[in-house]
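This briefing is meant to be read with the structure in view. Please keep the sequence at hand and follow each topic in turn.

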Amino acid sequence: ALHWTQLSADSDDGFGLNNLGVLYRYGQGVAKSEAEAIKLFEQAIELNCAEAYYNLGDMYYKGEGVPQDIDLSFELMHKSAELGSSGGQCALGEMYRLSRDYEQAEHWFLIAAEEGAAFAQHCLGLMHLRGDGVTQNSAKAKEWCLKAAKQGEVEAQLSLGRMYADGAGIEKDAESAIFWFEQAANAGNAMAQFNLAAMHYDGSAGQQNFDEAMRWFHASAEK
């Protein structure tokens, strides 16, 4: 894989340069080098590679191999999003959400969500659940969270479990709550493990099961 990625990068292919940069960033098959990753991402950006804008933006956001620069990260993510990167769209939506510009957050999340990005689908679900910049709509919250949860988005599975357990705008359904908590718990989510334990402990899962409660309490505590 590294051989073909290198050949692609040598041919001045932006996609190949970006992929090689990812390998250097994380040390996959090559010695880890953030400096080499940055150089490759910058070369890919010269070829207008959307994913390279995203990856370099992520490094500036985290201060990874470069001084942290949120403003530059924002500019890079915006360009990535405009070029159609779902990662860039998700990241840009999250940056707008954190700055409480919910109109722009919804705009970018919706673009990514409609293309199938599970993170964006979950974020839209939470916005509708809480009424963040949109009219509170539990049906839409459930719809978007369900789309994300079915794709394996663990936080969406947790959110959906809570909605069913609490009856948050939808009918309470202990069986569905257990199902989604179990999906997230089996993926290692400590909060889902705790909620699952609590439902088994207090009997809201249908009947009390102290063995299952203790198993999940222990799993949660070990995180």
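Tyr164 touches Lys142, Ile170, Glu171, Lys172, Asp173, Ser176, Ala177 and Trp180, leaving aside residues up to four places away in sequence; contact means heavy atoms within 4.5 Å. The model is predicted: local features need pLDDT of at least 70 and side-chain atom pairs count only at pLDDT 80 or more, while totals for chains, interfaces and linings use all residues. Residues are numbered from 1 along each chain as its sequence is written, and side-chain values use heavy atoms, with hydrogens and water left out.

- Tyr164 lies in helix H10 (residues 154-166); helices (H or I, at least four residues) and strands (E, at least two) are DSSP runs, numbered from the N terminus.
- The relative accessible area of Tyr164 is 11%, and the residue is buried; buried means under 20% relative accessible area, exposed over 50%, and partly exposed in between, with a 1.4 Å probe and protein chains only.
- Tyr164 and Ser176 are twelve residues apart in sequence, and their C-alpha atoms are 6.4 Å apart in space.

**The whole chain**
- The chain contains 13 helices and zero strands.
- Its C-alpha atoms fill a box of roughly 65 × 40 × 30 Å, taken along the principal axes.
- The chain has 223 residues, of which 44% count as buried.

**Helix H5**
- Helix H5 (residues 70-82) has 13 residues and reaches 18 Å from its first C-alpha to its last, close to the 18 Å expected at 1.5 Å a residue; the expected span is 1.5 Å times one less than the number of residues.
- Ser73, Leu76, Met77, Ser80 and Ala81 are the buried residues of H5.
- Seen down the axis of H5, these buried residues fall within an arc of 135 degrees, so they line one face of the helix; the arc is that of the directions from the helix axis to the C-beta atoms.
- An α-helix has 3.6 residues a turn, so residues three or four places apart point the same way.
- Asp71, Glu75 and Glu82 are exposed on the other side of H5.
- The buried residues of H5 pack against helix H3 (34-46), helix H4 (50-62), helix H6 (86-98) and helix H7 (102-114).

**Helices H11 and H12**
- The axes of helix H11 (residues 174-186) and helix H12 (residues 190-202) come within 8 Å and cross at roughly 140 degrees; axes are lines fitted to C-alpha atoms, for helices over the stretch in contact, and angles run from 0 to 180 degrees between N-to-C directions.
- On the H11 side, the residues making the contact include Ile178 and Phe181, and on the H12 side they include Leu196 and Met199.
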